[in-house]
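Biologist: I'm new to looking at protein models. Could you walk me through how to read a few features?

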Amino acid sequence: MGERTYHDPLHGAIRLDRSDPAEALAIDLIDSAPFQRLRRVRQLGPAFLTFHGAESSRFTHSLGVLHLARLALQQLERHHLELAEHRAVLYAAALLHDVGHAPLSHSGEEMYGLHHEAWSGRLIREHPALRDRLEAHAPGTASAVADLLEHGRHPCPAIKALVSSQLDCDRLDYLVRDSYSTGTTYGRLDLERILAAFTLAPDGQLAITPKGLMAVEHYLVVRNLMYRSVYNHRLNVVCNWLLNQAIATARRLGAKRVWADQVMGRWLWNCDALDLETFLANDDIRTGYHLMRWMEEGPAELQDPCRRLLERRLLKATDVSHCSPAQRLELLAAARQLSEAEGLSAETSCGLQQRQSRGYHPYKGGLRLWDGEHLQALEQRSSLVQSLTVAVELAWLIHPGEVAPKLRQLLGR
């Protein structure tokens, strides 16, 4: 068939036509085994334990990124026809930007200590189903796509910005999609206005026309709210911590005490030497099955985090962002002592998670406005954007619910 249609809950019908060489390439990449694996990798990892609708996959998201990248390029090509020569690389990069994700997406990166950008680059360079099809389109395409995803290198800065920047097609899709699937309705973006505002500055970099300023301001506010309410939700922090505990405990106990099939055994105890086949063989299904087996028949210290996850008997997370670093460590020590007194394992039930959150990074490829005469940094034009450049420190004390009353007393002092 010459035409392929994917019906997306957000973007409607995404139609690809084989008569266009770049779209024919996209169809073949979608049909490849490495890309089909993304159907079995959840977009938001364990967030479905907090937001019950968060069941969408990296496959669905990646199709959405392709759709937005195509729309963005069509907008830019209206005044810059020379960008058309990069169409295939852009479409392939938009589709394959997440092909190297570990199980449970970003949670899996923490659990297994991997970087999806590096694995995406390796799969594109080495896996025959991806490399050979990209090279069949034009020699050098595989390296061009891999360099773009892994190192952010591309001769055309606007193409690079559409794939990875502070206003790229990846972020535009995942903010709208994650808002939709989690039920946080304030995540709606004016995608049409944002894409229509894309232009090129005199230096060839991607810029925004002034008519798109309010839509981009809204996007940055939405991104900030999504990080605060979804990605950094306290229960999501707990679930990620428990997953890390399960994998770390299995690794520490070793193959003599922990059952694992051949694939998972390599992931646990020889992760630095994974081959392509073993990497692709692990997904949410295989990792989830091992969590279930460990809950049923693993050592006691491994059963506990697995049971808490699978039966949703989650630990508590208390916000200690207002405390000094020394006070946080004192509270962690107190939580461990109280947990031991309750007959609970402090090692697998008490932790401290800390991170910084910033709504906008003006020095990491900051956005600029171009009106045809003047080029201006976005934060210079918008006080709202300027306010988002301030870093916010986030810290949570993770602990069993049994010790929460006494910990609250300590916090009250």
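This is a predicted model: local features need pLDDT of at least 70, side-chain atom pairs count only at pLDDT 80 or more; totals for chains, interfaces and linings use all residues.

Biologist: Okay, helices to start. At what angle do H1 and H4 pack?

Modeller: Helix H1 covers residues 21-30, and it packs with H4 at an angle of about 25°, their axes being 9 Å apart. Angles under 35 degrees count as roughly parallel, so H1 and H4 are roughly parallel to each other.

Biologist: And is the crossing of H1 and H4 left-handed or right-handed?

Modeller: Right-handed for this pair.

Biologist: Which residues in H1 and H4 meet?

Modeller: From H1 you get Ala-22, Glu-23, Leu-25, Ala-26, Leu-29 and Ile-30. Across from them in H4 are Arg-87, Ala-88, Tyr-91, Ala-92, Leu-95 and Leu-96. Sort the residues of that contact by class and you find ten nonpolar, two charged and no polar.

Biologist: Let me try another pair. At roughly what angle do the axes of H18 and H22 cross?

Modeller: Roughly 155°, and the axes come within 10 Å. Here H18 is residues 325-341 and H22 is residues 404-412. Angles over 145 count as roughly antiparallel, which makes H18 roughly antiparallel to H22. H18 passes H22 in a right-handed crossing.

Biologist: Which residues make the contact there?

Modeller: On the H18 side, look for Leu-331, Ala-334, Ala-335 and Leu-338; on the H22 side, Lys-406, Leu-407, Leu-410 and Leu-411. By class, that contact has seven nonpolar residues, one charged and no polar.

Biologist: Now the spaces. How many cavities of 30 Å³ or more are there?

Modeller: A cavity is a place where a probe fits but cannot get out. The count here is one cavity of 30 Å³ or more. About 40 Å³ of space lies in the largest cavity.

Biologist: What lines the largest cavity?

Modeller: The lining is Val-65, Ala-69, Ala-93, Ala-94, His-97, Leu-162, Val-163, Cys-169 and Asp-170. Helices H3 (58-77), H4 (87-96), H9 (157-163) and H10 (169-182) each supply at least two residues of that lining. By class, the lining has seven nonpolar, one polar and one charged.

Definitions and conventions. Residues are numbered from 1 along each chain as its sequence is written. Side-chain values use heavy atoms; hydrogens and water are left out. On a 1 Å grid over the protein atoms alone, a cavity is a set of points where a 1.4 Å probe fits but cannot get out, and a pocket is an open set with protein on both sides within 12 Å along at least five of seven lines; lining residues have an atom within 4 Å of a point. Grid points are joined across faces, edges and corners, and a volume is the space filled by probe spheres set on the points. Helices (H or I, at least four residues) and strands (E, at least two) are DSSP runs, numbered from the N terminus. Ala, Val, Leu, Ile, Met, Phe, Trp, Tyr, Cys and Pro count as nonpolar, Asp, Glu, Lys and Arg as charged, and the others, Gly among them, as polar. Axes are lines fitted to C-alpha atoms, for helices over the stretch in contact, and angles run from 0 to 180 degrees between N-to-C directions. Angles under 35 degrees count as roughly parallel, over 145 as roughly antiparallel, 65 to 115 as roughly perpendicular and the rest as oblique. A crossing is left-handed if the near helix is turned anticlockwise from the far one by less than a right angle, and right-handed if clockwise. Contact means heavy atoms within 4.5 Å.
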